[in-house]
Amino acid sequence: MAETDDVDLSEETIFTWGAPPLKFGAGAVDEIGFEMAQHGATRVLILTDPTIGSLGIPARIAESLTRYGITSEVYDGCHVEPTDDSMNAAVAFAREHGPWEGFIAVGGGSSIDTAKAVDLIITDGGELMDYVNQPIGAARAPRGRLKPLIAVPTTAGTGSESTAMCVLDVLSMKVKTGISHWRLRPTLAVIDPLLSLTLPPEVTAAAGMDIVCHALESYTARYYTSFDRRTAEQRVTYCGSNPVSDLWCEKSLSLIAQSFRTAVHDGSDVEARSTMMLAATFAGMGFGNAGVHIPHANAYPIAGMVKDYVPAGYPEHEPMVPHGQAVSLTAPEAFRFSFASAPERHLRAAALLAPNQDPPNHQSEQLPSALIDLMRDVGIPNGIGAVGYTEDDISDLVPGTMKQQRLLATCPRTPSEEDIADIFAKSIQNW
Ligand SMILES: NC(=O)c1ccc[n+]([C@@H]2O[C@H](COP(=O)([O-])OP(=O)(O)OC[C@H]3O[C@@H](n4cnc5c(N)ncnc54)[C@H](O)[C@@H]3O)[C@@H](O)[C@H]2O)c1
Ligand SMILES: [Zn+2]
């Protein structure tokens, strides 16, 4: 046919995009019973972390379930920034106390990701490592549909309620990795902005920077047509920037510009909290299909090799670099590096993120300077030096980034080991 004669099928022509249905708004959490009942579930497991548990949100969800004749149990052992051990503990609880006909995740990305892993293993069988991305795990694909999972975010950050992946720390290998498959995408995301009113400012700031990086990295990701053509079987969750993801990323950046500083400095501002929740979900709909690149790749070793940095505002009082801090610390320098490969996208993103910024002399500085202003205003540590790393650590950090080839391949300018070392060196102090 004439139409197909014109298309070069050695190049990629196809992008994919997916997201779960959403229920968004104040009070939405009280409709979870109705929603779960639509799936015919009569006994479900609610997964959360101890802090959210003590705020009474899981009990409120259980009450809503009871109204529809659904019994539930609460597992409140989800670890903040989950590990293989913490996920296996959640799976063991679910196995021991099952069977379950559905799952509800309530919390930040840590609880939602743990619930995704539990649903996967309980429904599809096997062990965690069977499903973890190669080369660390066997990257087994689930054989069929998973049980219904309703995701209820309480942070404005990860967008995990709309993505098809979960992230974990494999303790024995000191490496952060994930499981990604479209079947992991929650059945429904119930987003009730009022749940985020209790977030401490430090968590608001870190989770908010995660949104910013999701939107910026996926908006500046390699365009989907620039990848080698894949077969239907080879298609992966992340296909590069594309016209649909772009819309969500652009809108997310505008929402951030409106509300991020207020949400951090006046956490009781309901409008700012609502706008941040929307921004997180929008960015999830963007990056969850397009992918992220260097800042997220660098975040893996920054978080994985933590020494003794204990962040304020996180209740665990254990050394950790929260995901949102880890992704933002090298972002200004990473976007200086990637600028030349897609200048118009970097400039557009900077204009959306900082609409009132006086443009710096060099165009390549526009996005880094918008980011740095924001990071200073919301109280993000000043560079990887502020979370305990020195020049001497760079040779150890670089291999951790280079292992994230899946993410680095999404950068419009492919970085070498020297490039990554240079980005770390210039990110020891950001301002
Ligand atoms: N699956 C994905 O698509 C995806 C994307 C990005 C990040 N992640 C992962 O998500 C995790 C980070 O998640 P996060 O940033 O949402 O935070 P989190 O789940 O780790 O929670 C951070 C802290 O905030 C507390 N908290 C959460 N909601 C609260 C509330 N409403 N009031 C008071 N305290 C509250 C928690 O108890 C915890 O102490 C990391 O493991 C990261 O790798 C996943
Ligand atoms: Zn992230």
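User: Where is the place of Pro-99?
Analyst: Pro-99 sits in the loop between helix H5 (84-97) and strand E4 (102-107). Keep in mind that this is a predicted model.

User: And the peptide bond from Gly-98 to Pro-99, cis or trans?
Analyst: That bond, Gly-98 to Pro-99, is cis, and its omega is near 0°.

User: What about the bond from Gln-134 to Pro-135?
Analyst: The Gln-134 to Pro-135 bond is cis, with omega near 5°. Pro-135 is found in the loop between helix H7 (128-131) and strand E5 (149-153).

User: On to the ligand. How many residues surround ligand 1?
Analyst: There are 32 residues around ligand 1, and the closest are Ser-110, Thr-154, Thr-155, Thr-163 and Thr-198.

User: Which polar backbone atom is 2.8 Å from a nitrogen atom of ligand 1?
Analyst: One belonging to Leu-195. A polar backbone atom of Met-165 is 2.9 Å from a nitrogen atom of ligand 1. For Leu-199, a backbone N or O atom is 3.5 Å from a ligand 1 nitrogen.

User: Now the helices. At what angle do the axes of H8 and H15 cross?
Analyst: Roughly 165°, with the axes of H8 (residues 201-219) and H15 (residues 366-378) coming within 10 Å. An angle over 145 degrees counts as roughly antiparallel, so H8 and H15 are roughly antiparallel to each other.

User: Is that crossing of H8 and H15 left-handed or right-handed?
Analyst: The H8 and H15 crossing is right-handed.

User: Which residues meet there, between H8 and H15?
Analyst: From H8, Ala-205, Met-209, Val-212 and Leu-216; from H15, Leu-367, Leu-371, Leu-374, Met-375 and Val-378. By class, the contact of H8 with H15 has nine nonpolar residues, no polar ones and no charged ones.

User: And how do H14 and H15 pack?
Analyst: H14 (residues 343-353) packs on H15 at about 30°, and the axes are 8 Å apart. That makes H14 and H15 roughly parallel. The crossing of H14 with H15 is left-handed.

How values were computed: Residues numbered from 1 in each chain as written. Chains lettered and ligands numbered in written order. Predicted model: local features only at pLDDT ≥ 70, side-chain atom pairs only at ≥ 80, totals over all residues. Heavy atoms only, no water. Axes fitted to C-alpha atoms, helices over the stretch in contact; angles between N-to-C directions. Helix = DSSP H or I, 4+ residues; strand = E, 2+ residues; numbered from the N terminus. Parallel < 35°, antiparallel > 145°, perpendicular 65-115°, else oblique. Left-handed = near helix turned anticlockwise from the far one by under 90°. Contact = heavy atoms within 4.5 Å. Nonpolar A, V, L, I, M, F, W, Y, C, P; charged D, E, K, R; others polar. Near = heavy atom within 4 Å. Polar contact = N/O pair within 3.5 Å; in protein donor to acceptor, adjacent residues only side chain to side chain.
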